[in-house]
Amino acid sequence: MTTDNTLQLVDTASGRERILLRAMELFAQRGFNGVTTRDIAAEANVSVGLINHHYGSKEGLRQAVDEYFIERFERFYGDDAGRVEDRAPREVVRSVDQWVTGIADEWPVFCRYFRRALLEETPWGAKLFKRYFDIVRASIDRMDAQGRIRPDVDRLWLPFLFMFLETGTLLMDPYIKQILGQSGFEPDLWRRRYRAYGD
């Protein structure tokens, strides 16, 4: 069964987005192999035929879910018209604030989905991890080309360190909640964490 915050989010989503978010939530709860197209259709209140029409198969749907998930990360890093590494440090913090605000409602579902994908150690998790790595690596390479990374910084490990800061919070969030009384992804704590990274 989906959680209350997911239900509220999905109720306001468009038809295709509702299917993606319901599938994301079910994949997060049960793993890819533990979910059928019929389960997703029932949760999204659509027909199995509609899912097959839009996505072709359960595998096609998962690929669409992954694309939706990754696109939200890519949105933070920006595009050729305005990349995050081209901004002044204060502008980056402001961008983080805006991005956190924009994704806060979806994040509990995203968090559960990525955590499950990483912990399953399957090709699904490996593919998502590699996509995330490529996004971070490209951003670091652009910063490096601009001379914004010190010469003594280890270029091999730097993208992983960036990722550890985020995925570490994601994987340990149930324990962070026990200690801090709230998720490390609550907007105020999230912003505070990014400011600490920036410092």
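The structure is a predicted model, in which local features need pLDDT of at least 70, side-chain atom pairs count only at pLDDT 80 or more, and totals for chains, interfaces and linings use all residues. Residues are numbered from 1 along each chain as its sequence is written, and side-chain values use heavy atoms, with hydrogens and water left out.

Confidence comes first. The predictor's confidence in each residue, called pLDDT, runs from 0 to 100. Its mean over the protein chain is 81, and 79% of the residues reach 70 or more. Confidence is highest in helix H3, at 93, and lowest in helix H1 (residues 4-11), at a mean of 45. Over residues 1-12 pLDDT stays under 50, and the model has 21 contacts beyond four places in sequence for this stretch; a contact here means heavy atoms within 4.5 Å.

The overall fold can now be described. The protein chain has 10 helices and 2 strands. Both kinds of element are DSSP runs numbered from the N terminus, with helices (H or I) of at least four residues and strands (E) of at least two. Along the sequence, the elements follow the pattern α-α-α-α-α-β-β-α-α-α-α-α. Among contacts with a separation of 6 or more, 62% join residues 24 or more positions apart.

Next comes the inside of the protein. Of the 199 residues of the chain, 43% count as buried, where buried means under 20% relative accessible area, exposed means over 50%, and partly exposed lies in between (1.4 Å probe, protein chains only). In soluble globular proteins, nonpolar side chains tend to be buried together. A nonpolar core is defined here as a set of buried Ala, Val, Leu, Ile, Met, Phe, Trp, Tyr and Cys residues joined through side-chain atoms within 4.5 Å. The largest such core has 46 residues, and those with the most contacts inside it are Phe27, Ile40, Leu61, Phe69, Trp107 and Tyr113. Helices that each supply at least two residues of this core include H2 (15-30), H5 (58-77), H7 (107-120) and H8 (123-145).

Alanine 44 is found in helix H3 and is buried, with a relative accessible area of 1%. Apart from neighbours within four places in sequence, alanine 44 is in contact with Arg18, Ile19 and Arg22. The C-alpha atoms of alanine 44 and leucine 21 are separated by 8.5 Å, although these residues are 23 residues apart along the chain.

Accessible areas come from the Shrake-Rupley method with a 1.4 Å probe, and for residues only the protein chains shown count as cover. A nonpolar patch on the surface is formed by Leu119, Leu171, Met172 and Tyr175, with about 430 Å² of accessible area together. Patches are made of residues with over 30% relative accessible area and no salt bridge, with nonpolar side chains (Val, Leu, Ile, Met, Phe, Trp, Tyr) joined within 5 Å and like charges within 9 Å. Helix H9 gives the most to the nonpolar patch, with 3 residues. Tyrosine 175 lies in H9 and is exposed, with a relative accessible area of 54%.

Finally, the charged pairs. Side chains of opposite charge can pair when their charged atoms come close. The structure holds 10 salt bridges, each a side-chain nitrogen of Lys or Arg within 4 Å of a carboxyl oxygen of Asp or Glu. In one of them, glutamate 67 meets arginine 131 (2.8 Å, N to O). Glutamate 67 lies in helix H5 and arginine 131 in helix H8, so this pair ties together parts 64 residues apart in sequence. Glutamate 67 is partly exposed at 41% relative accessible area, and arginine 131 is partly exposed at 23%.

Arginine 116 and glutamate 120 form another salt bridge (2.8 Å, N to O); being 4 residues apart in helix H7, they are separated by about one helical turn. Aspartate 144 and arginine 155 also meet in a salt bridge (2.6 Å, N to O). Aspartate 144 lies in helix H8 and arginine 155 in the loop between H8 and H9, so the pair ties together parts 11 residues apart in sequence.
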